[in-house]
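Reader: I am new to this structure. Can you take me through its features, step by step?

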Amino acid sequence: MLRSPIFTWSEMEILYVFLHCVIMADSLVARCIYSGKGYMIPLNQSMSYSDLYEDIFRTFQFLPSDVIELQYSVPGCEVCFLRNDRDFQMLFCAARIHKLDCVEISVLKIGGSCSRTCSVDSCLAVIDEDDYLGEAFRTEVHKTYLSDGWSSYIHHVGEKFHGVADLREKLRKYAIAVGFEFVFLRNDLDRIHAVSTNVGTEGCDWHLCALSSSANGCLYITELNNIHTCKGVVRTQKHKLLGSRVVKTCIAADVTYNLSLKPREIMSKFKSTYGFDISYKVALKAKHRAKEAIYGSDADSFSKLSWYKEAVLQSNPGSSFVLEVDPSTNHFQRLFVAYGGCVEGFQFCLPVLYVDGPFGKSIYKGQILSATGRNGNQGFYPLAICFCDSETDANWTFFFKHLKSLLEPQGRVITFISDRGTGLLSAFDKVFAGHPHLFCYKHLVANLAGKYRGKGNSVLIEDVKQRFFKVAYSSTEKEYRFNLRLLRAVGGADIIDHFLAEILVEIWCRAFYTSCRYGIMANGIAESFNSWIAIERLMPVYCMLDQTRIKQMELMGERRDEAQHWTT
């Protein structure tokens with residue numbers, strides 16, 4: 001190899017890399033790690049994903065048939081995938097946001113050829129010799145987990161961490177992956193000193209010291225003895241340090257995409273993805289921590305309602321937002337909100353409102369009273385909601401009173417349909433006296449079926465349901481009396497008569513209803529709205545209101561775009 005008069009070729013190469021990183025404004029250094037080995041490579045936005053992939057593939061000497069996956073992490077996101085050019089550009093965006101000058105890329109081998117296979121037909125079949133062996137003699141296949149890269153988190157003096165939380169998190173994951181335990185002798189914001197738990201019993205000298213830099217606030221490892229002299233340093237499927245704080249960082253992305261994720265689903269996915277067993281309690285607490293990190297705490301959410309009320313009234317003219325608190329303690333009691341655009345649009349919907357009160361699913365539970373309309377295209381139309389502690393006469397009266405103030409200026413007679421919720425009937429009669437009010441047929445059927453609990457089999461209950469269906473849908477008084485006689489014969493006169501005596505026939509039977517019913521027999525529109533906000537019901541109250549508002553805006557925009565293509 002030719003040499004320069006001044007520098008060796010290796011020195012020239014180092015100088016070129018240094019100058020290249022200084023000149024390029026959007027450049028950073030990547031540390032590529034695979035099986036405990038690694039190398040440094042400068043990256044810039046003029047490169048492509050395939051350039052990086054080929055360089056890593058060549059440097060680690062993978063076989064042509066091997067398949068690898070690239071991952072990196074940034075503060076707040078444990079696993080970020082590198083799979084295409086878009087992901088490669090997002091790497092630079094993340095580095096710019098978090099002010100990173102170096103990023104660690106984990107290389108995982110996820111597939112490849114097997115030297116023990118032979119092809120019977122080059123395209124049709126592959127036979128593995130393990131297929132002819134018993135379970136005890138088959139070759140164990142090593143599975144790759146996302147936690148495999150944890151063992152490379154702590155490796156040399158001078159290693160940089162973005163704050164004390166970053167170091168604590170990576171130190172815990174490193175100990176879990178390697179298979180040992182440690183304790184903090186110093187655990188301050190500017191100083192960390194950790195030693196092995198076996199330092200007193202077995203004299204293990206593993207220890208780590210890190211100090212914070214006043215220049216950038218980062219922590220740097222100043223002292224590290226990464227050699228264990230104690231026994232039992234081995235990775236196991238369970239670990240004491242694998243608590244909710246560690247699990248939270250691993251499932252944050254999953255919780256973001258699916259807030260209804262169940263703890264047992266988290267346990268199963270964590271086992272298959274990271275290779276560790278966690279308890280139900282840890283999974284549940286980890287989900288709550290991840291949810292709080294994404295949406296904020298439920299307690300703090302109530303303190304934002306005053307600001308949210310002002311923002312709604314200023315930015316949405318014609319809106320109604322009523323917030324009530326206990327005057328003596330200033331604690332939240334209930335709120336009512338209806339957006340101006342929804343109120344104005346309701347006058348073009350059918351004069352029908354479906355009223356229901358599904359329960360909230362956040363830490364403080366609560367009840368979400370709702371009034372949902374139906375547009376001319378048979379779709380639901382959210383009008384107003386009320387968040388309160390439970391279904392009571394006072395809360396329903398509060399809801400109906402403010403709902404009435406919105407409906408009266410429109411000058412229409414509204415038909416209401418409900419499921420006879422607790423406190424609803426008395427509140428409705430006080431506020432909307434004289435307005436048509438229907439009972440949901442499906443809820444009445446469920447209530448009637450409950451009368452036969454322990455008194456009949458499933459065949460009898462289904463027969464009673466079918467007979468009651470015919471009674472409710474009777475179009476004439478003669479048809480009603482005929483179907484009622486058959487229902488009493490099947491279900492027993494005592495049970496049927498006692499049940500029907502509790503409700504007026506004009507409210508649930510088509511033959512006796514005199515006002516406009518619009519073909520409505522069930523409260524299905526309200527159930528559709530409840531399912532539509534199923535995820536939002538899991539959120540703190542502030543996020544629930546805002547996310548519901550966003551969904552309403554998106555729904556109205558989609559329907560507007562759809563209507564522009566109508567021809568009739």
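**Cores, helices, rings and cysteines**

Author: Start with the largest nonpolar core, which has 100 residues. Those with the most contacts inside it are Ile154, Trp206, Phe399, Phe400, Leu403 and Leu545. Strand S17 gives the most to this core, with 8 residues. Keep in mind that this is a predicted model.

Reader: What is the general idea behind such a core?

Author: In soluble globular proteins, nonpolar side chains tend to be buried together. Take one residue as the case here. Leucine 545 is in contact with Leu305, Tyr308, Phe321, Leu335, Val337, Tyr339 and Ile385, leaving aside its neighbours within four places in sequence. Another core lies apart from the largest one. That other core has 28 residues, among them Cys32, Leu52, Tyr72 and Val103.

Reader: Now a helix. Which residues of H18 are buried?

Author: Helix H18 covers residues 524-532. Its buried residues are Ile525, Ala526, Phe529, Asn530 and Trp532. Seen down the axis of H18, these fall within an arc of 160°, so they line one face of the helix.

Reader: Which residues are buried in H2?

Author: In H2, the buried residues are Tyr49, Leu52, Asp55, Ile56 and Phe57. Look at phenylalanine 57 in more detail. Its relative accessibility is 17%. The cut-off for buried is under 20%, so phenylalanine 57 counts as buried.

Reader: What is phenylalanine 57 in contact with, leaving aside its neighbours within four places in sequence?

Author: Phenylalanine 57 is in contact with Phe62, Leu63, Pro64, Asp66 and Ile68. Look also at valine 107, which is 50 residues from phenylalanine 57 along the chain. The C-alpha atoms of these two residues are separated by 9.5 Å.

Reader: On to rings. How many aromatic pairs does a search of the whole structure find?

Author: The search finds 43 aromatic pairs. One is formed by tyrosine 53 and phenylalanine 57, and this pair is stacked. The distance is 5.8 Å centre to centre, with 25° between the planes. Tyrosine 53 and phenylalanine 57 are 4 residues apart in helix H2 (residues 49-59), so about one helical turn separates them.

Reader: Why is the pair of phenylalanine 182 and tryptophan 206 tilted?

Author: Read the distance and the angle. The ring centres of phenylalanine 182 and tryptophan 206 are 6.4 Å apart and the planes are at 45°, so this pair is tilted. Next, see where the partners sit. Phenylalanine 182 lies in strand S9 (residues 182-187). Tryptophan 206 lies in the loop between strand S10 (191-196) and strand S11 (207-212). The pair therefore ties together parts that are 24 residues apart in sequence. Both residues are buried.

Reader: Which residues do ring pairs link into a cluster?

Author: The cluster holds Tyr441, Phe468, Phe469, Tyr473, Tyr480, Phe499, Trp508 and Phe512.

Reader: Where do lysine 170 and arginine 412 lie?

Author: Each lies over the face of a ring. Lysine 170 is over tyrosine 153, at 5.4 Å from the ring centre. Arginine 412 is over phenylalanine 346, at 5.1 Å from the ring centre.

Reader: Now the backbone. Which residue takes a positive phi just after H2?

Author: That is glutamine 61, with a phi of about 55°. Lysine 99 also has a positive phi of about 55°, although it is not a glycine. Lysine 99 is found in the loop between helix H3 (85-97) and strand S5 (102-111).

Reader: Is lysine 99 buried or exposed?

Author: Lysine 99 is exposed, with a relative accessible area of 73%. Lysine 365 is another case of a positive phi of about 55° in a residue that is not a glycine. Lysine 365 lies in the loop between S15 and S16.

Reader: Last, the cysteines. How many disulfides does a search of the whole structure find?

Author: First the general idea. A disulfide is a covalent bond between the sulfur atoms of two cysteines. The search finds 0 disulfides here. Take cysteine 32 as the case. Cysteine 32 is buried, at 0% relative accessibility. Cysteine 440 is buried too, with a relative accessible area of 2%.

Key: Residues numbered from 1 in each chain as written. Predicted model: local features only at pLDDT ≥ 70, side-chain atom pairs only at ≥ 80, totals over all residues. Heavy atoms only, no water. Buried < 20%, exposed > 50% of the residue type's maximum accessible area, 1.4 Å probe, protein only. Helix = DSSP H or I, 4+ residues; strand = E, 2+ residues; numbered from the N terminus. Arc of directions from axis to C-beta. Phe/Tyr/Trp six-rings, centres within 6.5 Å; stacked < 30°, edge-to-face > 60°. Lys NZ or Arg CZ within 6 Å of the ring centre and 35° of its normal. Core = buried A, V, L, I, M, F, W, Y, C linked by side-chain atoms within 4.5 Å. Contact = heavy atoms within 4.5 Å. Disulfide = S-S within 2.5 Å.
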